Amino acid sequence: EYEMNELKKFKEPIYFLGLLDERKKTDLFSYVNLNKTLSHKNVNEIDYVLKLDKSESDIDPYRNVNYSLGVQIDDIEGDYILNPGDQIYYRYEIICLLGKGSYGEAVKCYDHKTKEYVCIKIIKSNRKFYNQAMIEIKLLDFISKNDIEGDINIVKFYSHFKYRNHICLVFELLDINLYEYLKEKDFEGIDIKKIRSYATEILFALLFLKRHKIIHCDLKPENILLLKHSTNSVKVIDFGSSCFDKEKMYAYIQSRFYRAPEVILEQGYSVQIDMWSFGCILCELFTGVPIFPGEDERDQLNYMMEYLDVPPIEYINMSSKKDVFFDKKGFPFQIPNSNGKIRMPHTKTFQHFLKGAGETFIDFIKKCLKWYPEHRMKPEEALMHKFIVGDMNYEALYQHKQKIKRLWQQGNYIWRL
């Protein structure tokens, strides 16, 4: 009865009925008086377009729970209850769960209209996450419209819809993320040639975002996915925390290990926080472990100072939280972490952490991980660093520069490098 009522009010063509048995499907067809053309392949794959009666189109068809019919759509956390083989939006077949987060769930589905696999991000039925999803959709629509050549290395966004009180975002289906890839390698690090390839593709994504004044705000290995397991191509995903530079919503962002110091110190932030995260990611890809694995924000900052020394007093004075981390002379408070460890400034080197790395890679990392965001490499500068272009032949370098120029129409100094 629940599906009968929902189908009668449903406004879109129907491509898939999920786990309903054949008798119930027949009842549903009769109940909603469908004008249909059917070509049955099997019980769970029906190739058709059903035209629905629109007489009750003004009634909202999306409901979370109908207790009178004994139907529960969500779990206690507000996540959509998934049943493999069932349908979403009477078009997508649920295959399996890909991952969960604070936002909701990522689900592998089969699109019975386009005949391809997709990833659907199902947002929790919660007002806070609903509002953030609307911002994410705005950003993704903007990115899609401005990705003229389709080569910015950002996940393709297909569409969005609301179903049973959940906002659902449909993306191309990619492979595993870089954290999972590291795990497959037993966290022993990745070949430097692959790192260079990944770095180049991520930088083109960051260049595009910078050009359009978009801050990703949560760049980390889990949000960079392989296009296919056998290739060196990657794409950036998850714009759930992202924002336009002039439309910031949150002061505290980024996953801790990849969080820029200006975010911890609440100094304000810009697109350059993504370059900090990017530098941290490359270190982790090379070694297999994070370079700044702090247990809290104090420990995180102390990890940074082990490599970068204490920041200048002028930098510290820019922080609204300076009294939390530093004394009046600008020296960090010597407070042990949960393991009793006191981290001392300027006691470690990038050369030691990146043991076996070439000087160009170490120089590249150092230029990403600087206290002042304006002193860090910008994406367009990083794309012309020797680590990226040093082994390119003339033709490859020319094509590389042309792509930079196309994605970034300003900054003519690049072409004189």
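The legends below describe close-up views of a predicted model.

**View 1. An open sheet of six strands.**
The strands of this sheet follow the order E7-E8-E9-E10-E12-E11, and their pairing is antiparallel. Strand E7 (87-88) and strand E11 (157-163) are the edge strands; each has a single partner strand, so one side of each is left without a neighbour in the sheet. Strands of a sheet pair through backbone hydrogen bonds, either parallel or antiparallel.

**View 2. The hairpin of E11 and E12.**
E11 and E12 form a hairpin, with two residues between the strands. In the turn, Arg164 has a positive phi of about 50°. The two strands pair in the antiparallel sense over six bridges. Which residue of E12 stands opposite Phe157? Phe171 takes that place.

Helix H3 (127-146) lies across three strands, E10, E11 and E12. The helix runs at about 30° to E12. H3 also takes part in the lining of the largest pocket, to which it gives the most, with five residues.

**View 3. The largest pocket and its lining.**
How much space lies in the largest pocket? The volume is about 1300 Å³. The lining consists of 40 residues, and those nearest the centre of the pocket are Tyr103, Lys121, Asn223, Ile237 and Asp238. Strand E8 (92-101), strand E10 (116-123), helix H3 (127-146) and strand E12 (166-172) are the elements that give two or more residues to this lining. By class, the lining of the largest pocket has 19 nonpolar, 10 polar and 11 charged residues.

**View 4. Helices H5 and H15 in contact.**
Two packed helices are described by the angle between their axes and the distance between the axes. For helix H5 (residues 192-211) and helix H15 (residues 394-407), the axes come within 9 Å and cross at roughly 25°. H5 and H15 are therefore roughly parallel to each other. On the H5 side, the contact is made by Thr200, Phe204, Leu207, Phe208 and Arg211. On the H15 side, His400, Lys403, Ile404 and Leu407 take part. Sorted by class, five residues of the contact of H5 with H15 are nonpolar, two are polar and two are charged.

**View 5. The largest cavity.**
Rolling a probe the size of a water molecule over the atoms shows where empty space is left. In the whole structure, a search finds two cavities of 30 Å³ or more. The largest cavity holds about 50 Å³ of space. Its lining is made by Leu206, Leu209, Lys210, Ile214, Val271, Gln272, Asp274, Met275 and Pro379. H5 and helix H7 (272-287) each supply at least two residues of this lining. Six of the lining residues of the largest cavity are nonpolar, one is polar and two are charged.

**View 6. The second largest cavity.**
About 40 Å³ of space lies in this cavity. Gln132, Cys217, Ser241, Ser242, Cys243, Met249, Tyr250, Ile253 and Tyr269 form the lining of the second largest cavity. How many charged residues belong to this lining? There are no charged residues, and the rest divide into six nonpolar and three polar.

**View 7. Pro290 in its loop.**
Pro290 is placed in the loop between H7 and helix H8 (297-308). Along the chain Pro290 and Cys280 are 10 residues apart, and their C-alpha atoms are separated by 7.0 Å. With its neighbours within four places in sequence left aside, Pro290 is in contact with Phe257, Glu284 and Phe353.

Key:
Residues numbered from 1 in each chain as written. Predicted model: local features only at pLDDT ≥ 70, side-chain atom pairs only at ≥ 80, totals over all residues. Heavy atoms only, no water. Axes fitted to C-alpha atoms, helices over the stretch in contact; angles between N-to-C directions. Helix = DSSP H or I, 4+ residues; strand = E, 2+ residues; numbered from the N terminus. Parallel < 35°, antiparallel > 145°, perpendicular 65-115°, else oblique. Contact = heavy atoms within 4.5 Å. Nonpolar A, V, L, I, M, F, W, Y, C, P; charged D, E, K, R; others polar. 1 Å grid on protein atoms, 1.4 Å probe; cavity = no way out; pocket = protein on both sides within 12 Å on 5 of 7 lines; lining within 4 Å. Points joined across faces, edges and corners; volume = space filled by probe spheres on them. Pairing = 2+ DSSP bridges.
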